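Dear colleague,

I am handing over the structure that we discussed, and I would be grateful if you could look it over with the notes below beside you. Please start with the sequence and the view of the model.

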Amino acid sequence: MTILLNENARILVQGITGREGLYHSERMYAYAKNVVAGTSPGHGGEWVLDYKVPVFDTVRDAKESTQADTSVIFVPAFHAADAIMESIEAEIGLIVCISEGIPIKDMLKVRALLEHSESRLIGPNSPGILTPGKAKAGIIPGSIALPGKVGVVSRSGTLTYEVVQALKKAGVGVSTCVGIGGDPIVGTSFVECLDLFESDPHTDQIVLIGEIGGNEEELAADFILNHVTKPVYAYIAGRTAPENRRMGHAGAIIEGKTGSARSKIESLLRAGVQLFSYPEEIAEIIRI
Amino acid sequence: MKLHEYQAKLFFSREGIPVPKSGLANTPIEARQIAAEIGYPVVLKAQVLSGGRGKAGGIRLVRGDAEIETTANLIFNSEIRGIPVHRLLVEKAIEFSQEFYLGIVNDRSLAKPILILSSSGGIEIEEIALTAPEHIEKKPINPLIGLQNYTVRALASKLGIDYSLWKPLQQIAASLWRLFDQLDATLIEINPLVVTPEKTLMALDGKMTIDDNAIFRQKDFLEVSDQTAETPTEQEAKKFSLNYIQLNGNIGCMVNGAGLAMATMDCIQQAGSEPANFLDIGGGATADKVTAALSIIIKDPKVTAVLINIFGGITRCDEVARGLAAVLPEMRRALPIVVRLEGTNAEEGKKILEPYPQLLQADTLMAAAEIAVRASKQVAS
């Protein structure tokens with residue numbers, strides 16, 4: 001089981017001939033051998049990864065020839081919304097967008113299209129999904145996690161690696177690790193991931209890694225209070241962040257009264273979540 | 001990116017939204033010349049990117065030629081919430097009987113723009129929301145279809161706005177939506193939108209924020225961009241595509257990844273000090289970029305220790321180490337530098353840094369923060 005991604009995933013990489021697309025396709029292939037296709041306009045008919053992976057011009061062609069069901073997007077920001085929409089139109093079930101810097105207007109259109117489709121989008125500005133020992137869709141290093149029963153969901157990249165590796169050092173494994181992305185408008189929310197983890201029989205406990213900006217964590221707290229029975233641990237980054245400055249992630253900004261770390265921490269505490277105050281502390285507080 | 005009032009008003013007037021006659025003055029003499037052209041009374045308005053300009057003395061009414069230069073001087077020589085005033089908007093003073101608020105802003109949770117109308121304009125919308133929430137109405141806009149007139153009528157009707165104003169309100173809202181959509185705005189506000197004695201609507205103040213991610217296709221803004229809100233060091237960091245924000249503490253930090261950079265800042269505070277900056281070198285940083293990053297951090301005279309925290313994924317720790325090694329011999333300030341390398345090629349990185357005894361190495365993030373704070377206090381004492 002696990003959520004979103006398992007050993008049966010057939011991965012398609014959009015932008016597979018680009019520097020990053022190619023590098024990470026190699027990493028994904030090395031991890032689980034399930035990269036089945038790539039797209040790159042004008043490169044249809046070529047092969048990459050030592051003739052193991054065929055390249056197509058369009059997502060629809062790639063899907064028809066290879067039955068790809070999961071797309072990972074590495075195209076530059078100004079083409080990324082277009083790439084997501086191409087996958088939605090081709091009815092790809094799971095779309096994982098790694099690209100960072102997509103204009104918000106484009107993402108609003110993507111979200112409006114998603115409402116009328118069967119596709120699920122993770123990201124953009126996401127490190128992807130890692131289901132340890134089974135598959136990876138994105139850039140999370142496979143070496144940092146053991147297979148196990150803790151679900152991890154986060155808005156950031158390297159901060160997540162830090163937490164997951166701390167778990168590994170303590171001998172604790174992960175069912176699935178999902179990076180929902182650091183942008184203000186993303187395809188899948190904390191709440192949706194919590195819901196999936198709550199119903200996943202292979203997840204026993206959940207770690208949520210949030211940060212300043214928006215109200216995703218407050219909504220997650222409400223959901224946890226009313227719908228989650230499994231223990232939840234959370235970390236919120238940005239307690240020292242100033243107001244009205246974008247802290248790297250486009251979504252990480254305290255605007256007026258919205259988005260402060262304090263508000264998020266208080267909401268999560270009220271929902272019975274155990275907070276940890278620095279990334280490595282998870283290894284000390286998690287019950288095994 | 002936030003636009004100044006005068007910039008927003010240029011766009012308003014381009015789209016047919018009525019605004020008072022005005023001109024932009026760089027000196028008190030220019031202010032007098034502009035006022036003579038448009039006629040008294042005029043309002044002088046400091047063009048700074050800050051709310052509460054009125055309360056801070058940045059907006060003043062001038063009735064005649066005798067007082068204009070003195071008043072302009074007064075504003076030019078003041079600071080509005082710490083920001084110096086370089087330009088004044090000299091604007092015809094307008095009489096009005098009613099003040100509205102009209103805005104479009106992206107709602108993160110709905111993933112839609114929303115149209116907001118209030119019958120109690122003139123104060124900030126957050127304040128209206130607290131004091132008179134019943135005077136605010138809002139509705140989402142379908143981004144695939146755009147704003148339709150019925151949405152505007154629905155809000156106007158709920159707020160009991162006089163029917164004679166619905167048509168101009170629809171026209172102004174339509175213009176506002178065109179600007180929002182064409183310019184990749186994340187927020188546009190007219191506040192106040194006033195009713196003049198002739199029963200027409202006019203935009204007396206305006207705010208616009210443009211999506212930073214869309215600047216690449218909004219070439220107009222590359223020119224109007226006002227960097228006065230950024231420190232010189234922040235502007236320099238931009239040249240190296242470094243995400244750097246100057247803060248008030250004394251532990252400089254360099255991290256790969258925005259979330260981890262924030263977490264590192266928080267660890268510094270938890271260890272008993274404050275971060276001097278936020279700095280994300282991004283993914284896959286080269287040695288050159290690391291060199292530039294360290295040079296920028298230590299330019300801040302407040303910095304008494306540096307904490308470098310790298311969790312190698314795409315970023316290779318050996319590459320980071322090479323970048324550090326390049327700048328260390330040239331450092332004029334003998335600052336304690338704590339380095340914590342983890343992940344991709346961490347062992348190679350640590351080896352490269354072995355010949356530099358001024359570097360303190362740490363295995364965990366929290367330990368690194370504690371060592372940096374301790375070292376910084378020794379330097380200070």
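Predicted model: local features only at pLDDT ≥ 70, side-chain atom pairs only at ≥ 80, totals over all residues.

For the complex, the predictor gives an ipTM of 0.94 together with a pTM of 0.92. Chain B has a mean pLDDT of 92, with 97% of its residues reaching 70 or more. Within chain B, the element with the lowest mean pLDDT, 66, is helix α7 (residues 219-224), while the highest, 98, belongs to strand β12 (residues 201-203).

**Domains**

The domain assignment of chain A gives domain 1 (11-122) and domain 2 (140-285), and the C-alpha centres of these two domains of chain A are 26 Å apart. Where the two domains of chain A meet, 10 residues of domain 1 are in contact with eight residues of domain 2. On the domain 1 side, α4 (104-114) and β7 (120-122) of chain A each supply at least two of the touching residues, and the largest share, five residues, comes from α4(A). By class, that side of domain 1 of chain A consists of eight nonpolar residues and two charged ones, with no polar residues.

For chain B the domain assignment gives domain 1 (21-92), domain 2 (98-224) and domain 3 (232-380). The C-alpha centres of domain 1 and domain 2 of chain B lie 26 Å apart.

**Where the chains meet**

Between the two chains, 43 residues of chain A are in contact with 43 residues of chain B. On the chain A side, α3 (77-89), α4 and α5 (158-169) each supply at least two residues, and α4(A) gives the largest share, six residues. The side of chain A that touches chain B divides into 21 nonpolar, 13 polar and nine charged residues.

**Helix packing**

In chain A, helices α3(A) and α4(A) pack with their axes 10 Å apart, at an angle of about 10°; angles under 35 degrees count as roughly parallel, and α3(A) and α4(A) are therefore roughly parallel to each other. Their contact is made by A81(A), I84(A), M85(A) and I88(A) from α3(A), and by D106(A), M107(A), K109(A), V110(A), L113(A) and L114(A) from α4(A). By class, this contact of α3(A) with α4(A) has eight nonpolar and two charged residues, and no polar ones.

In chain B, helix α2 (residues 28-38) and helix α3 (residues 65-76) pack with axes 8 Å apart at an angle of about 140°, which makes α2(B) oblique to α3(B), and the crossing of the pair is right-handed. From α2(B) the contact involves P28(B), I29(B), A31(B), R32(B) and A35(B), and from α3(B) it involves D65(B), I68(B), E69(B), A72(B), N73(B) and F76(B). Seven nonpolar residues, one polar residue and three charged residues make up this contact of α2(B) with α3(B).

A second pair in chain B is formed by helix α10 (residues 287-299) and helix α11 (residues 317-327), whose axes come within 7 Å and cross at roughly 50°, and this makes α10(B) oblique to α11(B). The crossing of α10(B) and α11(B) is right-handed. Among the residues in contact are V290(B) and L294(B) of α10(B) and V320(B) and L324(B) of α11(B), and by class the contact of α10(B) with α11(B) has seven nonpolar, three polar and four charged residues.

**Backbone details**

In chain A the bond from G123(A) to P124(A) is cis, with omega near 10°, and P124(A) sits in the loop between β7 and β8 (128-131) of chain A. In chain B the bond from Y40(B) to P41(B) is cis, with omega near -5°, and P41(B) is in the loop between α2 and β3 (42-46) of chain B. Lastly, N244(A), a residue other than glycine, has a positive phi near 60°, and N244(A) lies in the loop between β13 (232-237) and α8 (261-270) of chain A.

With best wishes

Terms used. Residues numbered from 1 in each chain as written. Chains lettered and ligands numbered in written order. Domains from an automatic or database assignment. Contact = placed C-beta atoms within 7 Å. Helix = DSSP H or I, 4+ residues; strand = E, 2+ residues; numbered from the N terminus. Nonpolar A, V, L, I, M, F, W, Y, C, P; charged D, E, K, R; others polar. Axes fitted to C-alpha atoms, helices over the stretch in contact; angles between N-to-C directions. Parallel < 35°, antiparallel > 145°, perpendicular 65-115°, else oblique. Left-handed = near helix turned anticlockwise from the far one by under 90°. pLDDT = per-residue confidence, 0-100.
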